[in-house]
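Open the model in your viewer and keep the selection tool ready.

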Amino acid sequence: MAELPNGFTGFSHRDPNFVSAGDAMRRSRYDDTPFATRKQEQSLAGGWGFAAPSLGSSGFAASAPRVGAASDILRYTEEGGAPGAPPRFDPEKLAHIPEADRRWSWVEIDLNAIRHNASTVKHRLSPGTRLMAVVKADAYGHGAVQVAKTALNSGAEYLGVATVDEAIALREAYLNAPVLVLGEPPAAAIPLLLAYKIMPSVYTAEFAIRYAEAADAMGLRAPFHLKVNTGMNRIGVRWDEVVEFARQISFHRALDLEGTFTHFATADCPGTIDFERQVKRFAEAVNGLRAAGINPGIVHAANSAAAIRYPEVQLDMVRLGISLYGFYPCPEAYPLIDLKPAMTVKARITEVKTVPVGEGVSYGLHYRSPGAVKVCTLPIGYADGLRRGLSGRTDVLLAGRRFHQVGNICMDQCMFEVNLRQRNNFEPQIGDEVVVVGEQGEASVTIDQMAETLGTIQHEVAIGFGCSRMPRIYL
């Protein structure tokens, strides 16, 4: 069996005539298209068992599944069983049921948006300036392997991660671009660095020497990037001690200084005093290395905010993190660049109920029904990234309209209300598709809005939705 580029074998070999349980049941109450035709449309949408939703004249997306017949269940049983014996499920057939048909909540990632964002930033760079795609934290919840492949095909030349395991996952997906761990790993991980050709950041002499000795013993080189602390005071060699540090470790023949970098603490802030101080300190450190006859390698400092706002600090490479995923790092960046969010979060209604006036909903019963409302349940909660702090403070989208989330968000579920007094001209039903994050029609609910409500940053919210409980579907 041939393997996919990332080593996973399975869906690419799926029988084109295979119909999942969800496909067999899912018929929109607004769509009379023959099922065979719907299957052809779904295959064009990526073969995930449901077509990309589109709003019809009623304003609803495809929804309202119907319970399948016994024959739909029997398609998952073993063939050639003993006569008269009860059917038995075939594990291989069961494995073909898509993840999005196992629980009605999922995350969609638009790889065209990733491609657009990477290309847009790449075109802003000076000739010869490299682009690093930062795909740590599973690409900020978007999926590291898929995002890395897309970014590399869109102008990126380097990949940045936070941990050795994140780097190994990229290597095991056959990604051969340079991968930099943006922190200094534990010394016990050195064999993994050498085996998988992963570059560490270095800022302690003890680690540098152990890394070099291990490489020398294997007949290998020990490439690294030197991290400089210019004022963020998190990790790195102090800017005014960089030359002394480089001389301290430069005696070892296996060490290769491939790059020198720092990280800005305030590139996304309105004020520039601290930013300018860091720029000055970093320039002193790099110039000091060159004056001492030490080649600093690839010099890089700019994160997303600095790369967009301050072209003068693009240097030899920029590290594109949050803006790779379509988020603006600060208000000042909005007029400077066009970015497209890549993440959409969706769910389907699992329950619709009329709650009598005065009755409460969810833990604590903090929300009380005003009457004349339908309360709808979605299978997504704070364990899936929909933060409990958003309870009663966010909306969802149904039929291109906003509806208020009500009651405390639970670990696995949440509720929203449809006010029947507003004469919406429709009745929500089980199976209706709801947008938790994203756009539907002209309405939108964004991660930026959620972050502002929570008093946090987009990074934290996006990473939360990238948890493993909800499948990711790549468009």
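Start with helix H12, and ask what covers its buried residues. The cover includes strand E6 (222-229), helix H11 (242-249), strand E8 (255-261), strand E9 (298-302) and helix H13 (304-309). Helices (H or I, at least four residues) and strands (E, at least two) are DSSP runs, numbered from the N terminus. Contact means heavy atoms within 4.5 Å.

A word on what you see: this is a predicted model, where local features need pLDDT of at least 70, side-chain atom pairs count only at pLDDT 80 or more, and totals for chains, interfaces and linings use all residues. Residues are numbered from 1 along each chain as its sequence is written, and side-chain values use heavy atoms, with hydrogens and water left out.

**Stop 1: along H12.** Select residues 273-291. These 19 residues reach 27 Å from first C-alpha to last, close to the 27 Å expected at 1.5 Å a residue. The expected span is 1.5 Å times one less than the number of residues.

Now show the side chains of Phe275, Gln278, Phe282, Ala285, Val286 and Leu289, the buried residues of H12. Look down the axis of H12: its buried residues fall within an arc of 90°, so they line one face of the helix. The arc is that of the directions from the helix axis to the C-beta atoms. Buried means under 20% relative accessible area, exposed over 50%, partly exposed in between (1.4 Å probe, protein chains only).

Turn to the face away from the buried side. Exposed Ile273, Lys280 and Ala291 sit there. Then step past the helix to Gly293, which follows H12 and has a positive phi, near 80°.

Stop 2: Most residues other than glycine have a negative phi. Select Asp138, in helix H6 (residues 136-140). Its phi is positive, about 55°, although Asp138 is not a glycine. Asp138 counts as partly exposed, at 31% relative accessibility.

Next, pick Lys197, in the loop between helix H9 (190-195) and strand E5 (199-202). Phi of Lys197 is also positive, near 55°. Is Lys197 buried or exposed? At 66% relative accessibility, Lys197 counts as exposed.

**Stop 3: the whole chain.** Zoom out. The chain has 15 helices and 21 strands. Of its 475 residues, 51% count as buried. Among contacts with a separation of 6 or more, 66% come from residues 24 or more positions apart.
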